[in-house]
Amino acid sequence: MTSIDTSAEPTPARGQRPPGARPSRRREWAGRFFVAPNLLAVTVFMLFPLGFSLYMSFQRWDVFNPPKFVGLKNFEQLFTSDPLFGIAIRNTVVFTLGTVVPTVIISLVVAGVLNRKVRGIAIFRTIVFLPLAISSVVMAVVWQFVFNTDNGLLNIMLGWVGIGPVPWLVDPNWAMTSLCIVSVWRSVPFATVILLAAMQGVPETVYEAAKIDGAGEIRQFAFITLPLIRGAISFVIVISIIHAFQAFDVVYVLNGSNGGPETSTYVLGIMLFQHAFSFLEFGYASALAWVMFAILLVLTVVQLRITRQRSVEASRGLS
């Protein structure tokens, strides 16, 4: 009597691919076909502009004449013989500090409030997130009317408490302050969304254990919430720094392309715009753009390393 070999693998049905077989060429090409539009968009709108701007940073080009290779002269001129570059760096640093620090602090407070389960909190959340739905240019135009020296809403309200009109946009001492106020008002909702999502991911059991140990809400926020959302805070700081360094539209609408009164709001974004579209120095503007990229890259790497080091120290402390 013949024995039947039951250990043999079953023969695949007709039209079925055997186990472990590679996908057919048709499916491979179908996948490449579906991915191709995205790759083309990335190449056209990201990689090509990056490569072209790097190429132009070593050229002198005014659109009307052919590009002329000048090597590192654009970078040399930027660092050695352009006094406005130092002013732009200083104003950008002041604007970044005046924007990032208040944004992080206010967003933490607002996110902490929104994370509470109280009656009517949904309406408050909607009001806080409204600036995200407004265009930056439209928002800047509205704030331009708010900051108007003669009949602006802010000066009218200050007049109710006996404070004289403040030259928000025409005085060099107030122009940067006004710009920071608008930028913080614009940045807080986005940062709040990120921090609120991180806070809602903290387990409730941790807070319950802290309550049993007698910790109040402030101590819970300082010693539980903040350490556990350190990654989200780091992300908000990095994104806020990048947005501050790239600021242009709000500055342009509020103070124009000349950098405000006595160049008090002359930031790197305005300088880049001037050299590219006012002076038609596209090579010089490209060099400035790559310097900005290098600064942001260094700041981002430093921030990420500091955050990683703190996370490692915190994990060692918990262990």
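This is a predicted model: local features need pLDDT of at least 70, side-chain atom pairs count only at pLDDT 80 or more; totals for chains, interfaces and linings use all residues.
Where in the chain is the place of Glu262? Glu262 sits in the loop between α11 (249–255) and α12.

## Overall make-up

The chain has 319 residues, of which 33% are buried. Its secondary structure comes to 13 helices and two strands. Among contacts between residues at least 6 apart in sequence, 64% join residues at least 24 apart.

## Helix α7 and its partners

Helix α7 covers residues 172–200, and helix α3 covers residues 83–114. The two pack at an angle of about 40°, and their axes are 6 Å apart. An angle under 35 degrees would count as roughly parallel, and 65 to 115 as roughly perpendicular; α3 is therefore oblique to α7. The crossing of α3 and α7 is right-handed. Sorted by class, the residues of this contact are 17 nonpolar and nine polar, with no charged residues.

Helix α4 (residues 121–129) also packs against α7, at an angle of about 140° and with the axes 9 Å apart. Roughly antiparallel applies to angles over 145 degrees, so α4 too is classed as oblique to α7. On the α4 side the contact is made by Arg125, Val128 and Phe129, which meet Pro189, Thr192, Val193, Leu196 and Gln200 in α7. By class, the contact of α4 with α7 has five nonpolar, two polar and one charged residues.

Leaving aside neighbours within four places in sequence, Gln200 is in contact with Asn115 and Arg125. Gln200 and Arg116 are 84 residues apart in sequence, while their C-alpha atoms are 9.8 Å apart in space.

## The α8 and α9 pair

Helix α8 (residues 204–212) and helix α9 (residues 217–228) pack at an angle of about 140°, with 11 Å between their axes. That angle makes α8 oblique to α9. Their crossing is right-handed.

Which residues meet where α8 and α9 pack? From α8 they are Val206, Tyr207, Ala210 and Lys211, and from α9 they are Gln220, Ile224 and Thr225. The contact divides into four nonpolar residues, two polar and one charged.

## Helix α10

Helix α10 runs over residues 230–245, which is 16 residues. At 1.5 Å a residue it should span 22 Å, and its end C-alpha atoms are 23 Å apart, so the two values agree.

The buried residues in α10 are Ala232, Ile233, Ser234, Val236, Val238, Ile239, Ser240, Ile241, Ala244 and Phe245.

## Around helix α12

His275 is placed in helix α12 (residues 268–278). Is His275 buried or exposed? Its relative accessibility is 8%, so His275 counts as buried, the cut-off being under 20%. Not counting residues up to four places away in sequence, His275 touches Asp82, Leu280, Glu281, Phe282, Tyr284 and Ala285.

Leu280, one of the residues touched by His275, lies in the loop between α12 and α13 (282–318). Leu280 has a positive phi of about 55° although it is not a glycine. Its relative accessible area is 28%, so Leu280 is partly exposed.

Glu262, in the loop between α11 and α12, also has a positive phi, near 55°, and is a residue other than glycine. Glu262 has a relative accessible area of 67% and is therefore exposed; the cut-off for that class is over 50%.

## The loop between α5 and α6

Gly152 is found in the loop between α5 (136–146) and α6 (153–160). With a relative accessibility of 0%, Gly152 counts as buried. Not counting residues up to four places away in sequence, Gly152 touches Phe145 and Val146. Gly152 and Pro165 are 13 residues apart along the chain, and their C-alpha atoms are separated by 9.0 Å.

Terms used:
Residues are numbered from 1 along each chain as its sequence is written. Side-chain values use heavy atoms; hydrogens and water are left out. Axes are lines fitted to C-alpha atoms, for helices over the stretch in contact, and angles run from 0 to 180 degrees between N-to-C directions. Helices (H or I, at least four residues) and strands (E, at least two) are DSSP runs, numbered from the N terminus. A crossing is left-handed if the near helix is turned anticlockwise from the far one by less than a right angle, and right-handed if clockwise. Ala, Val, Leu, Ile, Met, Phe, Trp, Tyr, Cys and Pro count as nonpolar, Asp, Glu, Lys and Arg as charged, and the others, Gly among them, as polar. The expected span of a helix is 1.5 Å times one less than its number of residues. Buried means under 20% relative accessible area, exposed over 50%, partly exposed in between (1.4 Å probe, protein chains only). Contact means heavy atoms within 4.5 Å.
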